Amino acid sequence: MRKYFQPEIETAPREEILKIQNEKIVKQVRHVYENVKYYRDLMDAKGVKPEDIKGVDDIKKLPFLSKADLREAYPYGLLGTDIKNCVRIQSTSGTTGKRVVAFYTQGDVDMWEDCTARAIVAAGGDEGDVCQVAYGYGLFTGGAGIHGGSHKVGCLTLPMSSGNTERQIQFMMDLNATILCCTPSYAAYIGETLAEKGYKPEDNKLKAGIFGAEPWTEEMRRDIEKNLGIKAYDIYGLTEISGPGVAFECEEQHGMHINEDHFYVEVIDPDTGEVLPEGSKGELVFTSLDKEAFPLLRYRTRDICVLSREKCSCGRTFIRMTKPMGRSDDMMIIRGVNVFPSQIETVLLNEGYSPNYQIVVDRVNNSDTIDVFVELAPEQFSDIVSRHQAREKKLESAMRTMLGIGPKVHLVAPKSIARSEGKAVRVIDNRKLHD
Ligand code: DLL
């Protein structure tokens, strides 16, 4: 069995990785300064010139980029090359009018697929494996990213996309899938459905799962591992930086190795922007070292975690990140879809309701639920139940269109949602994903 997809880099001595990063950043900053006016203006405003960046130690001199910059520059403002050189876009799952649209050259796609191939091999994959890709295909990076990596490894790839659980199970059993790739909540659901159908964990040929795109706990990992009879590996990534495979777990299952030859990582204090020493908890910031089409420098992910350079017994020398421990903004991830409370508020206001609402998120049988309680104005209140039900259905459908997932809406009596004296508590998340 192969242990690494690209051993020469995955196990390279630290000095060699640093040398690669230092060379790449100098080139990349020049590339961005020359081709991305939006970022050039930010650098000029900060008084930083490309020649000030002589290596990764100088990255801290560069300005940050945030999701707000991406919205402002939408769609082409951060493009680093002629659109003619681009072969693909992918986009975030959240929809707030302006989604994040990321562009890729063929070289960028190749690099990204190398990263997901490293993750698949780290989970024990090789050309003898049957890799069932049950992440969504389409604009979401999950399906396309893992699919490409699976091809590179030489697995037989089952491009299932997400959903249609009956068919997932049929293909999984008939075609002897050995690696399952999907969100952890979907893996749990597939596990339950298999059990309901009377299958035991040993009835399937699965040996590993590569699960990510949303937070999940160690308890959930153990549940999934038991129900499917597999070893479950975590994988992390975000559209802005490429997609899945920015970081991946090895057999140690003790943090995810960041593909440092392509992505330089920092952890900062989310309030002050100060770079924190290794081992501190803070916001992850990534600099893409060699992407051509969408070359983001110092992108603030909003994901909170801790980095560690402690030696890993798997032999990989890449730095490790913990599972994200939360976010420094109000984004919720529900069944793998990014949802902002502001989107729900927009629908309510558009449909003529008051902004008195509360969102309750929970996880029932390993699947996320979202309930929206909406207060009626006195003049909207009526004793006729069927009228309320029709209104609830209409709101549910408008929210489904806006969010891409369907919440359950409950209309409640005027003045029944508690008013707050400070910041309104819009979201109650009962999922208890983190201690
Ligand atoms: O979720 C990319 C992906 C696809 C990763 C498939 C892994 C597997 P976005 O839709 O842009 O991209 O969402 C990115 O999802 O900033 C995190 O908050 C969260 N996230 C991604 N992976 C994990 C993970 C994809 N393993 C956002 N654990 C990120 C916890 C994760 N959160």
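Mentor: This is a predicted model, in which local features need pLDDT of at least 70, side-chain atom pairs count only at pLDDT 80 or more, and totals for chains, interfaces and linings use all residues. Residues are numbered from 1 along each chain as its sequence is written, and side-chain values use heavy atoms, with hydrogens and water left out.

Trainee: What should helix α11 span at 1.5 Å a residue?

Mentor: Helices (H or I, at least four residues) and strands (E, at least two) are DSSP runs, numbered from the N terminus. The expected span is 1.5 Å times one less than the number of residues. The 19 residues of α11 (385-403) should therefore span 27 Å, and the end C-alpha atoms are 27 Å apart, which agrees. After α11 comes Gly 404, with a positive phi near 85°.

Trainee: Which residues of α11 are buried?

Mentor: Buried means under 20% relative accessible area, exposed over 50%, partly exposed in between (1.4 Å probe, protein chains only). In α11 the buried residues are His 388, Glu 392, Leu 395, Glu 396, Ala 398, Met 399 and Leu 403.

Trainee: What is the strand order of the open four-stranded sheet?

Mentor: Strands of a sheet pair through backbone hydrogen bonds, either parallel or antiparallel. Two strands count as paired if DSSP finds at least two bridges between them. Here the order is β18-β17-β16-β19, with mixed pairing. Because β18 and β19 (427-429) are at the edges, each with a single partner strand, one side of each has no neighbour in the sheet. β16 (residues 357-364) pairs with β17 in the antiparallel sense over eight bridges; Asp 362 has Thr 369 of β17 as its bridge partner.
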